[in-house]
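Notebook open, model loaded. I'm jotting down what I look up as I go.

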Amino acid sequence: MGNEIAVGQEITSASHLISHEMLVAFERVIWTRVANVHSDPVTAKRVGMDRTIASGQNQLAILHQMMEEHFGDGWVRGGKIAARWVCPVYVDDTITPYGRITAIEEADGKQRVALAVWCQNQSGAKTGTGTAQAYLG
Amino acid sequence: MSDQAATQTIYERAQVGETLEPFEYVITQAMLDEYRQIVRNPRAAYPTVAGRHALRAWTNRFGPATLANVGAECEYFNPVVPGKRIRVEATIVDKYLRRDKPFVIVDSTSVDEDGRMIEKSRLVGMAAKGQKPLFTEVQKKWETK
């Protein structure tokens with residue numbers, strides 16, 4: 001993106017279908033967890049849910065991808081994000097990440113961009129909201 | 001476990017300032033490749049997103065399904081180098097009741113075997129309360145928004 005960005009500009013990235021297979025795989029790839037509301041429909045039903053839900057970390061990974069695509073190493077080395085998971089993401093939902101540039105400032109001799117970020121489901125509901133920062137260039 | 005500990009809720013047992021047991025692990029190239037495939041991001045630099053460092057330290061102390069992730073705050077310094085051992089240290093830094101919901105804040109830092117800071121992350125969690133299943137409480141929070 002380089003110098004082309006401006007306050008108010010919106011960014012996005014690929015939409016993700018939250019499949020059962022993905023939820024199961026996500027729960028075991030780095031830290032193998034016991035069957036839970038993310039991976040196991042029986043466990044989900046036991047706590048009153050009619051289907052499994054994605055973890056907040058699933059949404060965080062989707063936001064990461066958007067930040068990596070748009071800001072590259074400026075995100076990877078020095079990126080920050082703060083998010084709250086405000087609405088459930090159910091299996092078979094489709095989640096799309098968005099960002100809106102809110103500020104571009106000098107920091108540590110470099111330009112640093114601040115964004116409002118959010119994830120949205122196929123119905124347009126925001127499922128996660130927050131802020132992020134990355135270096136430019 | 002003492003009788004008192006047995007009857008306390010998880011929220012009551014969590015003590016602000018408590019240092020959780022550090023743990024170490026290795027993310028191999030195969031694990032990184034698999035993570036990237038799962039999240040469909042071929043450049044993903046932080047598979048630690050699925051490692052859930054703060055939650056893992058909490059779970060090692062209090063057990064599974066005792067804290068629901070309702071928010072995250074992360075700062076990234078250096079991408080994970082496959083094969084390097086990562087050490088995670090975590091501390092309970094706050095807890096509070098909001099709208100009668102018990103929240104716990106856990107901070108973690110992750111450093112690799114060469115002393116490289118990987119990330120600092122904060123978990124905003126909702127703790128298990130009484131005998132009610134944890135996610136029943138989380139659902140209620142979502143429904144009352």
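I looked at H3(A) to start: 16 residues, reaching 22 Å from the first C-alpha to the last, close to the 22 Å expected at 1.5 Å a residue (the expected span is 1.5 Å times one less than the number of residues; helices are DSSP runs of H or I of at least four residues, strands runs of E of at least two, numbered from the N terminus). This is a predicted model, where local features need pLDDT of at least 70, side-chain atom pairs count only at pLDDT 80 or more, and totals for chains, interfaces and linings use all residues. Residues are numbered from 1 along each chain as written, chains are lettered from A and ligands numbered from 1 in written order, and side-chain values use heavy atoms, without hydrogens and water.

I checked burial next: 14 of the 16 residues of H3(A) are buried (under 20% relative accessible area, 1.4 Å probe, protein chains only). Gly72(A) follows H3(A), with a positive phi near 50 degrees.

Then I moved to chain B. S5(B), residues 117-127, has eight of its eleven residues buried, so it is largely enclosed by the rest of the structure.

Which strands does S5(B) pair with? S2(B), residues 67-76, pairs with S5(B) in the antiparallel sense over nine bridges (pairing takes at least two DSSP bridges), and Ala72(B) has Leu123(B) as its bridge partner. S4(B), residues 101-112, is also antiparallel to S5(B), over nine bridges; there I found Ser108(B) bridged to Ser121(B). The S4(B)–S5(B) hairpin has four residues between the strands, and Gly115(B) takes a positive phi near 85 degrees.

Definitions and conventions:
Buried means under 20% relative accessible area, exposed over 50%, partly exposed in between (1.4 Å probe, protein chains only).
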